[in-house]
Amino acid sequence: MTEFVPMPKELTAEDGFKFALIGAFFERFTVPCPKCYHFDVAQEDCQICFDEGVYPLNVSVSWCTIKAIYAKAVEHSNALVRAGKKHIVVPRGQLFMED
Ligand SMILES: [Zn+2]
């Protein structure tokens with residue numbers, strides 16, 4: 001049984017979600033070293049890629065993407081309700097769904 005918690009339909013900056021979530025998620029990419037990129041082999045003693053020719057780059061997930069992921073999760077939750085799942089409120093205010 002999945003536990004549910006009260007959440008808003010959408011994330012807004014006004015409610016503090018942007019402040020709470022922006023910078024909390026990253027995508028990690030491996031990118032070519034800008035110093036060694038034009039050579040066939042990595043340059044010795046490169047301080048950027050440490051002679052690997054590539055280096056990891058962490059890119060923050062944008063606020064627009066965070067909101068889009070959240071909206072998709074809300075959409076799926078609503079689909080569960082439409083499919084006949086029912087919310088059950090149990091003591092301590094927790095929400096659960098069951099068939
Ligand atoms: Zn390099």
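The exercises below, each with a worked solution, go through the fold of one protein chain.

The structure is a predicted model, in which local features need pLDDT of at least 70 and side-chain atom pairs count only at pLDDT 80 or more, while totals for chains, interfaces and linings use all residues. Residues are numbered from 1 along each chain as its sequence is written.

**Exercise 1.** Work out which elements of secondary structure the protein chain contains and in what order they run.

*Solution.* Begin with the rule that helices (H or I, at least four residues) and strands (E, at least two) are DSSP runs, numbered from the N terminus. By this rule the protein chain has two helices and five strands. Reading from the N terminus on, one then finds the order β-α-β-β-α-β-β.

**Exercise 2.** Decide whether α2, β2, C33 and F39 are buried or exposed, using counts of C-beta atoms.

*Solution.* A residue is buried if 20 or more other C-beta atoms lie within 10 Å of its own, exposed if 12 or fewer, and partly exposed in between, with C-beta atoms placed from the backbone. Of the 20 residues of α2, the number buried is zero, so this helix lies largely in the open. The number buried is also zero among the seven residues of β2, so that strand too lies largely in the open. C33 is buried, because 20 other C-beta atoms lie within 10 Å, whereas F39 is exposed, because its number is 11. Over the whole protein chain, 3% of the 99 residues count as buried.

**Exercise 3.** Describe how β2 and β3 pair, and what lies in the loop between them.

*Solution.* Two strands pair if DSSP finds at least two bridges between them. Strands β2 (26-32) and β3 (54-60) pair in the antiparallel sense over seven bridges, and T30 has P56 in β3 as its bridge partner. The loop between these strands holds C33 and also F39. The C-alpha atoms of C33 and C46, which are 13 residues apart along the chain, are separated by 9.1 Å. For F39 and G53, 14 residues apart in sequence, the C-alpha to C-alpha distance is 9.1 Å.
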